[in-house]
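User: I'd like to go through this model with you. Can we keep it quick?
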Amino acid sequence: MRHRKYPFIVGFLFVPVVLYTVLMVWPYIQTFGYSLTDWSGESQTMHFVGLKNYTTLFGDTVFREALLHNVLLLVFLPVITILLALFFAFMLNVGGRGTTGGVQGVRGSGFYRVVFFFPQVLSVAILAVLFEAVYRSDSGGLLNGILVKIGLENPQNPIEWLNDPGTVLWCLLAIVVWQGVGFYLVLFSAAMQSIPREVFEAALLDGAGRGQTFFRVTMPLLWDSVQTAWVYLAIAAMDFFALVSTLTPGTAYGGGPDYHSEVLSTYLMRNFLFYGKSGYACAMGVVILLITLVVSVFALRVTRRERIEF
Amino acid sequence: MSTPIKDPIEGVDGPRSSAGPRRASQQERFADSGRVLNVFSHGFLALWAVLIVLPILWVVLGSFKTDAQIGGSAWTWPADWSFGAFQRAWDKGVGGFLLHTAIVLVFSVGLTMLFGSMAAYVLARYEFRGNRALYFFFVAGAMFPPYLALVPLFFMLKNFGMLNTYQGLILVYVAYSMPFTVFFMYAFFRTLPTALHEAAMLDGCSHTRAFFQVMMPLAKPGLVSVGIFNVLGQWNQYILPLTLMQKQSGTDPDRSVLTQGLVNLMFQSGYKNDMPALFAGMTIAMVPVLVVYLSFQRQVQAGLTAGTLK
């Protein structure tokens, strides 16, 4: 039978490997190559310019601005999302009143779980339409409407959420948190349910309050999931293309007002399809790739703890 | 789960039962602090639920309002419940967008599952040189956002004449879904028992037949999870169709997928003063996901989160 094994292996691997290599890996490699040229994208003529694109890149103020925004998102998105999700997961699983028979979740946790997770299945286009309406710059927007209603805002002078340099990035961050919390809540819930109930009861017997139970028992036992969540959120924070390009002002892929919501992905796309600087866009791609790599490794390193078996 | 567990001390005699009174007082303390926290936590949970449901309902309601109402105050109620806006949205091509998306997804998800599990199966169950290396080669792709290699990918498809074609987008989706699918199915095939496979081989079954008739049915739960993950992931793609599915000439038919089409509609409707139609379009786009989510919510949650667990 052995003689038939290798043809089978090759036969099964051939199509997947070819597809994956040609359409995914090869473009990545080409990105490196093109990043050393002054290629415009339109014609096939290009000149080798060495590292010039990279040196230009580091002097490019818009690029630095975009990078700064991505770093901000990289810090705040995981922290806020994970904390909210952990808090909700704790409430849903062990936050109920411990009167009879120990530890349980609050009432209606099934309902909350269904509702909280729902935004995760909505596509970015739906999010864009939804939040353009929510953040509308006049009092017809939901957010301004609420603020006017409760008297916190003058209807003649509403906040232009997505046009205000001070608020635009945070508004976008809020959308991603809004969408993501339910997902990580379910992720953490699954992990919490795999913790034996006796552990919580032992804590309870030893007189631990809810806060202590959370920080001393739940958190350490969930560390693996938190780590996974961190990496996923970090990758999400490096993207943000769809929201920025659809919701913010600015010619070609948003980023306004005045680059205050510019992120790396939108700047890359503008250079590529609008300015026709493909080589430059490729250099940007390479830099982002390296940053993503460093961030992922860093996130895995920093969050590494001794694994607790239970 | 909110089911209280059985009292572990029940029926145990001897020294442990003397801990009874102390335990009761401990529990009371936990419950005491719980009462305050309970109101607090319920408040938070309810608030978050409102934050999720309110904007969605509000925008859906908006598709029954008039354009003047939407531009006015946020708190008006539709005057008459006509489906005119839905008709207009449909005429503007929302039906077509849904159809294009469906065409792409049927093939792209189907092929992703087929090729992904073929590769994962061979890597997980057969020993050969370069096995590990090939596995990491596949999995490494999951770390990077897809827009990094967009420039070369665009020109590669252009050279193949596959821009704005279904087959082009389908192949790209398959390639980009490969890392995760292989990663997930690899882990799944490893957990399956070897006995059945061996029995099939002893009965003279070929490797290929053993895969399709023995292993694939066994791997069904894994296939469902990763299938849901891929459907949602590809349904939500934005930057890839935006770049790869542009009309190539005046006579090139429009093949926009839903995300792209809806965003285009959003950019247009601002000028045409037809916000209700946009909201109606969003509602139409949301309904299929909502139905699928509510009917399979357990599988969807399990499928999406299983993806992140190692």
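User: Of the 310 residues of chain A, what percentage count as buried?
Analyst: This is a predicted model, so a few ground rules come with the 58% that count as buried. Buried means under 20% relative accessible area, exposed over 50%, and partly exposed in between (1.4 Å probe, protein chains only).

User: What ground rules?
Analyst: Local features need pLDDT of at least 70, side-chain atom pairs count only at pLDDT 80 or more, and totals for chains, interfaces and linings use all residues. Residues are numbered from 1 along each chain as its sequence is written, chains are lettered from A and ligands numbered from 1 in the order in which they are written, and side-chain values use heavy atoms, with hydrogens and water left out.

User: How many helices and strands does chain A have?
Analyst: Chain A has 13 helices and zero strands. Helices (H or I, at least four residues) and strands (E, at least two) are DSSP runs, numbered from the N terminus.

User: Which helix residues are buried in α4(A)?
Analyst: Helix α4 spans residues 109-117 of chain A, and seven of its nine residues are buried. They are A:Ser109, A:Tyr112, A:Arg113, A:Val114, A:Val115, A:Phe116 and A:Phe117.

User: Switching to A:Ala237. Where is it found?
Analyst: A:Ala237 is in helix α10, residues 223-237 of chain A.

User: What does A:Ala237 touch?
Analyst: Leaving out residues up to four places away in sequence, A:Ala237 touches A:Asn70, A:Leu73, A:Leu74 and A:Leu77. Contact means heavy atoms within 4.5 Å. A:Leu77 is 160 residues away along the chain, yet the two C-alpha atoms are separated by 6.8 Å.

User: Why does A:Ala237 count as buried?
Analyst: Because its relative accessibility is 0%.

User: Now the surface. Which residues form the nonpolar patch?
Analyst: A:Val71, A:Val75, A:Phe76, A:Val79, A:Ile80, A:Leu83 and A:Trp170 form it, with about 570 Å² of accessible area together. Patches are made of residues with over 30% relative accessible area and no salt bridge; like charges are joined within 9 Å, nonpolar side chains (Val, Leu, Ile, Met, Phe, Trp, Tyr) within 5 Å. Accessible areas come from the Shrake-Rupley method with a 1.4 Å probe; for residues, only the protein chains shown count as cover.

User: Where does the largest share of the patch come from?
Analyst: From helix α3, residues 61-94 of chain A, with six residues. A:Val71 lies in that helix. A:Val71 counts as partly exposed because its relative accessible area is 41%.

User: What does UniProt list as "transmembrane region" in chain A?
Analyst: The unreviewed UniProt entry gives residues 7-29, 67-90, 111-135, 167-187, 229-248 and 278-300. UniProt positions are in the numbering used here, feature names are shortened, and annotations may be inferred rather than shown by experiment. In the model, residues 67-90 are 100% helix and 0% strand, with end C-alpha atoms 34 Å apart. Residues 278-300 are also 100% helix and 0% strand, with ends 33 Å apart.

User: And which residues in chain B?
Analyst: The unreviewed entry lists 39-61, 97-123, 135-157, 169-189, 210-232 and 275-296. Residues 97-123 of chain B are 100% helix and 0% strand, with end C-alpha atoms 37 Å apart. For residues 210-232 of chain B, the figures are 96% helix, 0% strand and 30 Å.

User: How many residues of chain A are in contact with chain B?
Analyst: 118 residues of chain A are in contact with 114 residues of chain B. The two chains bury about 10500 Å² between them, 75% of it on carbon and sulfur atoms. Buried area is the accessible area (1.4 Å probe) that two parts lose on being put together, summed over both. In chain A, A:Phe12, A:Tyr20 and A:Leu23 lose the most area to chain B, together 7% of what that side buries.

User: How many salt bridges cross that interface?
Analyst: Zero by the rule. A salt bridge here is a side-chain nitrogen of Lys or Arg within 4 Å of a carboxyl oxygen of Asp or Glu. Over all chains the count is one.

User: Which residue does A:Arg270 pair with?
Analyst: A:Glu262, with the closest N and O atoms 2.9 Å apart. Both A:Arg270 and A:Glu262 are buried.

User: Last one. Is A:Asp258 buried or exposed?
Analyst: A:Asp258 is exposed, with a relative accessible area of 60%. Its phi is near 55°, a positive value in a residue other than glycine. A:Asp258 lies in the loop between α11 (241-247) and α12 (264-274) of chain A.
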